[in-house]
Amino acid sequence: MGMNAGAGDDDMEPIMDINTTPLIDVMLVLLIMLIITIPVQQHATKLDLSGDQQEQSPAPTKLPDPITVEIDFDGTLYWNGVILKDSAELKERLKALSNRAEQAELHLQPNRLVAYKHVIAVMAEAQRQGISKMGVVGVD
């Protein structure tokens, strides 16, 4: 790492070049540290490929029709188009739905202006009652 003095001029002006070797060394160390610290992503899907379960349980002949719970902008609930009086009636219907042998899907259809707390309250009640098939229908 010597200094280039030039071609023998008497001026002896220093050359204003940046030594990039330390910069490259630091960047390589940072790159290696970044590679080491990034967690390894494991893309794994658990599949049960045993044929015993499929032979024991016959395929359902017809899936039950889905139940649609609409939530209006003011929090009013509709069960397949029929207005519900209060949350106790919703609780009773969800309990009856979860006790069926073949559970129907529950489709939540919130209005785009409804407060988030009303949607979460319905979802929480459905989970408490044991509904396992639930989805949110998109708003137009």
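I'll start with helix α4: at 1.5 Å a residue, its 13 residues should span 18 Å, and its end C-alpha atoms are 18 Å apart, which agrees. The expected span here is 1.5 Å times one less than the number of residues. Helices are DSSP runs of H or I with at least four residues, strands are runs of E with at least two, and both are numbered from the N terminus.

Some housekeeping. This is a predicted model, where local features need pLDDT of at least 70 and side-chain atom pairs count only at pLDDT 80 or more, while totals for chains, interfaces and linings use all residues. Residues are numbered from 1 along each chain as its sequence is written, and side-chain values use heavy atoms, with hydrogens and water left out.

Back to α4. Its buried residues are Val119, Val122, Glu125 and Ala126. Seen down the helix axis, these buried residues fall within an arc of 130°, so they line one face of α4. That arc is taken from the directions from the axis to the C-beta atoms. On the other side, Tyr116, Lys117, Gln127 and Arg128 are exposed. Buried means under 20% relative accessible area, exposed means over 50%, and partly exposed is in between, using a 1.4 Å probe and protein chains only.

What do the buried residues of α4 pack against? They pack against β1 (67-71), β2 (77-79), α3 (87-98), β4 (106-110) and β5 (134-136). Contact means heavy atoms within 4.5 Å.

Glu125 has a relative accessible area of 12%, so it counts as buried. Its side chain makes a polar contact with the side chain of Arg128, at 3.0 Å. A polar contact is a pair of N or O atoms within 3.5 Å; within protein, one must be able to donate a hydrogen and the other to accept it, and residues adjacent in sequence count only if both atoms are side-chain atoms. Leaving aside neighbours within four places in sequence, Glu125 is in contact with Lys91 and Leu94.

Just after α4, Gly130 takes a positive phi of about 95°.

Last, Asn80, in the loop between β2 and β3 (82-83). Asn80 has a positive phi of about 50° although it is not a glycine. Most residues other than glycine have a negative phi.
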